[in-house]
Amino acid sequence: MRLLIDEKREIFTEPYYFKLFKLHESYLLLISNERDMGIGSVYMSLPSTIQGLPPSSANYGLFGMGRDLLGKVISEQCSSFLKAPTLLLLFLKTKLKDEKIVKPLVNALNDMLKTIENDLDK
């Protein structure tokens, strides 16, 4: 397991922590607005095997239920970019609605993924 991303970003004056680990032919992504990350909701996404079709995803909420749209969008975006299965642990205690934070979170994640793009094949 290799750590690729370990960053903190401010979104709406609230800190969000991102960690991305490279596993064997897959990735583990942790996102939280708490320094001590928890398990939260778990999402698994697989990249599409057919060009042009969206990735497929499945989710299982352990804690913090009600973040399904946010978790699904983030895990599918990550899996599509990385072209590999991605497991997302999303642990958010924020009272902000998904619709308000989905775009800033995805944009922040996309920025981080672009910075490691050259390291993905190693």
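This is a predicted model: local features need pLDDT of at least 70, side-chain atom pairs count only at pLDDT 80 or more; totals for chains, interfaces and linings use all residues.

Q: How many bridges join β2 to β3, and do they run parallel or antiparallel?

A: Seven bridges join them, and the two strands run antiparallel. Further along, lysine 19 sits opposite leucine 30 of β3.

Q: And what about the hairpin of β2 and β3, which residue takes a positive phi there?

A: That's glutamate 25, with a phi near 55 degrees. The hairpin has two residues between its strands.

Q: What does β3 pair with through six bridges?

A: β6, residues 86-91, and that pair runs parallel. One spot to look at is serine 32, which stands opposite phenylalanine 91 in β6.

Q: Is β3 mostly covered or mostly open?

A: Mostly covered: seven of its seven residues, 26-32, are buried. Both faces are covered, with Ser26, Leu28, Leu30 and Ser32 on one side, and Tyr27, Leu29 and Ile31 on the other.

Q: How many of the ten residues in β2 are buried?

A: Seven of the ten, so to speak a mostly covered strand as well.

Q: Where does β1 come in?

A: β1 is joined to β2 by nine bridges, and the two are antiparallel. Isoleucine 5 is paired with leucine 20 of β2. This is a hairpin too, with two residues between β1 and β2, and phenylalanine 12 in the turn has a positive phi of about 55 degrees.

Q: Let's zoom out. What pattern does the chain follow along the sequence?

A: It goes β-β-β-β-β-α-β-α, with six strands and two helices in the chain.

Q: How much of the chain is buried?

A: Buried residues account for 43% of the 122 residues. The chain exposes about 7200 Å², and 54% of that comes from carbon and sulfur atoms.

Q: What share of the contacts join residues at least 24 apart?

A: 58%, counting contacts between residues at least 6 apart in sequence.

Q: Which residues of α1 are buried?

A: Leu70, Gly71, Ile74, Ser75, Glu76, Cys78, Ser79 and Leu82. After the helix comes lysine 83, which has a positive phi near 55 degrees.

Q: Now the core. Which residues touch the most other members of the largest nonpolar core?

A: Phe18, Leu20, Ile74 and Leu105, out of 28 residues in that core. The elements giving two or more residues to this core are β1, β2, β3, α1, β6 and α2.

Q: Which element gives the largest share?

A: α2, with eight residues.

Q: Back to leucine 20, what does that residue touch?

A: Leaving out residues up to four places away in sequence, leucine 20 touches Arg2, Leu3, Leu4, Ile5, Tyr27, Leu28, Leu29, Leu82, Leu113 and Ile116.

How values were computed:
Residues are numbered from 1 along each chain as its sequence is written. Side-chain values use heavy atoms; hydrogens and water are left out. Buried means under 20% relative accessible area, exposed over 50%, partly exposed in between (1.4 Å probe, protein chains only). Helices (H or I, at least four residues) and strands (E, at least two) are DSSP runs, numbered from the N terminus. Two strands pair if DSSP finds at least two bridges between them. A nonpolar core is a set of buried Ala, Val, Leu, Ile, Met, Phe, Trp, Tyr and Cys residues joined through side-chain atoms within 4.5 Å. Contact means heavy atoms within 4.5 Å. Accessible areas come from the Shrake-Rupley method with a 1.4 Å probe; for residues, only the protein chains shown count as cover.
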